[in-house]
Amino acid sequence: MQMNINSIGLTQAVASNRPPQTLVAPAQSGPAFIPPLPLSQSGMPTRVHASGDRPSSFHDSHLTYDSLAQGTEGAINQYMLTQNFAKRDEIQSMVGIDIYA
Amino acid sequence: MPDAVTASRYAAVPSGVPGRGRFILELLFALLLTRLPYLGVPFKWLESFFHELSHGLATLLSGGIVSHIQLFPNGAGFCFSQGGAPLLIGFAGYFGAACWGYLIFILATWPRGIRASFAFLGGAVLLSLLLWGRDLLTIGILLTLAGLLLLPLRLNHQPALLSGLRIAALMIMLNALASPAVLFGLSGQGDAVMLAQNSWLPAWFWVLSWLSCSAGFLYLAWRRVDRASLLR
């Protein structure tokens, strides 16, 4: 069965799998995208202080965060930026296209 | 003058199989390259390509249709398809990447066929580009990979070609080992969750199976080297 897979609807739906800062929330309930998890929630160790608890050297802690982030951001953030299970499910139900990551 | 048994043993050992020490050095070098910020990126694309290619081949084998694949600079990718067996297609990605890595390692121990191996792999990338590449980014990444695999054909130094392809194969297997581990930290996303929803087996089972397969293929590569060393 020939399907116009590159229809505008699919293109827009697939486009929502781009990094979260380019996405627009849809009208229906439920999140349009899953924002990237902060490192503290992803289980990776972090020395970032909680809000309201500023260290004596805020700049140093920021640098510490950056140096840690360089080692930990790669794998999980890569996957988080492009994985959107809810949107993928929507695409599948809309046009019958399966998407495997 | 060696006897017939010894001669037959030596004849059975492909001369492209490295020694144990060289294999460890190449593995460490491959591990180092995967950690480098810019140099390791094309090899991550290579693993991602074989991952999506495996999804595509599993789709075709199970009677489905592949629409197109998408590759991203951060090493992620999608395979858009219709029909086929979801369990087979979903499992094929991570498993296939490790499998391809081992296959390429085997090809890299075949001195006479090393140029044909590079040509075959480069041709596979170009064919995928023609059949399944749709957006400019994916086409650009696939062209880069084709260049990575076809440009070495200009070299005449066979040992360098063998070593280079072995290191590439090891990098693919190492990336195939690291990629499923990421899924442990994610909830509600990924092929493992899709497989869990289509079967009675939890997501962690699928992730562990991929990790086991990837580790197994690395072990098979080591075993090939170890056996060749014993026969020498």
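These legends describe close-up views of helix packing and nonpolar cores in a predicted model. Local features need pLDDT of at least 70, side-chain atom pairs count only at pLDDT 80 or more, and totals for chains, interfaces and linings use all residues. Residues are numbered from 1 along each chain as its sequence is written, chains are lettered from A in the order written, and side-chain values use heavy atoms, without hydrogens or water.

**View 1. Helix α4(B) packs against helix α7(B).** Residues 86-107 form α4(B), and residues 158-182 form α7(B). Their axes (lines fitted to C-alpha atoms over the stretch in contact) lie 8 Å apart at about 165°. That makes the pair roughly antiparallel (angles over 145 degrees). Contact means heavy atoms within 4.5 Å. Among the α4(B) residues that meet α7(B) are Y94(B), G101(B) and F105(B). The α7(B) side includes R166(B), M173(B) and P180(B). The contact residues divide into 14 nonpolar, 2 polar and 1 charged.

**View 2. Helix α4(B) also packs against α5(B).** The axes come within 9 Å and cross at roughly 150°. W100(B), I104(B) and L107(B) of α4(B) touch I114(B), S117(B), F120(B) and L121(B) of α5(B).

**View 3. The largest nonpolar core has 63 residues.** A core joins buried nonpolar residues (under 20% relative accessible area, 1.4 Å probe, protein chains only) through side-chain atoms within 4.5 Å. F49(B), F50(B), F105(B), L145(B), M173(B) and W210(B) touch the most other members. Helix α7(B) gives the largest share, 12 residues.

**View 4. W210(B) has contacts beyond its sequence neighbours.** Leaving aside residues within four places, its partners include F91(B), Y94(B), P180(B) and D191(B).

Conventions:
Axes are lines fitted to C-alpha atoms, for helices over the stretch in contact, and angles run from 0 to 180 degrees between N-to-C directions. Helices (H or I, at least four residues) and strands (E, at least two) are DSSP runs, numbered from the N terminus. Angles under 35 degrees count as roughly parallel, over 145 as roughly antiparallel, 65 to 115 as roughly perpendicular and the rest as oblique. Ala, Val, Leu, Ile, Met, Phe, Trp, Tyr, Cys and Pro count as nonpolar, Asp, Glu, Lys and Arg as charged, and the others, Gly among them, as polar. Buried means under 20% relative accessible area, exposed over 50%, partly exposed in between (1.4 Å probe, protein chains only).
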